[in-house]
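I opened this model to look up a handful of features, and I am writing each one down as I go.

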Amino acid sequence: LKVENNNKQTLKTVHIRWVVWRQASKEMALGSTAGGREAAARRMVQHAVLIMVWAAFVGGLGYEVMLVDKLDAAAQQQWRVAHTGSAMQSLFLFGIVAACPFLTLSDGQFRALATASALTTWGNSLGYTLGALVGKRGLTPVCATLQSPVLLWICDHDTLPNLAVNAFFVTAMVAIIPMLYLVYTGASSKRKES
């Protein structure tokens with residue numbers, strides 16, 4: 001008799017959890033602001049954790065090798081930036097997540113914020129690491145001139161790795177504009193009273 005009663009209670013609990021999960025799923029599918037904010041925040045937390053793991057293991061290992069082997073100071077500097085800079089990108093992303101409850105944005109804007117934040121932080125983190133790997137800083141990918149016949153050309157034979165590093169940083173620079181805009185406007189907007 002006790003086992004039968006336990007089974008009924010378990011089935012009731014499972015049913016209640018299923019109903020709650022189904023209702024939450026419907027709300028998120030319909031695009032409620034709380035659901036959209038939560039989904040975007042979860043995505044950003046996932047990216048922040050992955051970037052922190054990247055900083056700790058990839059950047060940290062590279063920096064440790066540079067310190068132990070006592071290689072040149074420029075290489076040590078780049079690996080230090082890859083290690084600490086990526087960690088700072090992760091913390092920056094955690095800060096954006098912490099601000100989410102205070103932002104008044106639509107679900108689409110929260111999704112855009114999550115995407116722009118991920119592009120910004122991953123662009124910088126991968127740029128730091130690739131720059132340390134290839135020994136380039138990604139500052140001058142191409143040279144320009146107004147003289148005929150060429151307007152743009154690769155500056156020297158060793159510019160391709162620099163161009164790849166620069167591409168990550170440019171991605172981060174482009175993505176940070178909508179990210180900052182969304183955070184600013186979301187913080188400036190007044191919530192509708194319900």
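Buried stands for under 20% relative accessible area, exposed for over 50%, and partly exposed for what lies in between, with a 1.4 Å probe and protein chains only.

**Basis of the entries**

The model is predicted, so I keep in mind that local features need pLDDT of at least 70 and side-chain atom pairs count only at pLDDT 80 or more, while totals for chains, interfaces and linings use all residues. Residues are numbered from 1 along each chain as its sequence is written, and side-chain values use heavy atoms, with hydrogens and water left out.

**Overall layout**

I counted five helices and two strands, and along the sequence I read the pattern α-α-α-α-β-β-α. Helices (H or I, at least four residues) and strands (E, at least two) are DSSP runs, numbered from the N terminus. Of the 194 residues in the protein, 30% are buried.

Helix 4 has 28 residues and reaches 40 Å from its first C-alpha to its last, close to the 40 Å expected at 1.5 Å a residue; the expected span is 1.5 Å times one less than the number of residues. After helix 4 comes glycine 135, whose phi is positive, near 75°.

Tyrosine 184 is in helix 5 and is exposed, with a relative accessible area of 60%. I noted that tyrosine 184 and threonine 104 are 80 residues apart in sequence and 10.0 Å apart in space, C-alpha to C-alpha.

**Salt bridge**

How many salt bridges does the count come to? It comes to one, where a salt bridge is a side-chain nitrogen of Lys or Arg within 4 Å of a carboxyl oxygen of Asp or Glu. Glutamate 38 forms it with arginine 42, and the closest N and O atoms are 2.8 Å apart. The two residues are four apart in helix 2 (residues 33-69), so they are separated by about one helical turn. Glutamate 38 is partly exposed, with a relative accessible area of 39%, whereas arginine 42 is exposed, at 53%.

**Largest pocket**

I finished with the largest pocket, in which about 210 Å³ of space lies. Of the 13 residues that line this pocket, the closest to its centre are Gln78, Val81, Tyr128, Arg137 and Phe169. A pocket is an open set of points on a 1 Å grid over the protein atoms alone, where a 1.4 Å probe fits, with protein on both sides within 12 Å along at least five of seven lines; lining residues have an atom within 4 Å of a point. The volume is the space filled by probe spheres set on the points, which are joined across faces, edges and corners. Helix 3 (73-99), helix 4 (107-134) and helix 5 (159-188) each supply at least two residues of the lining.
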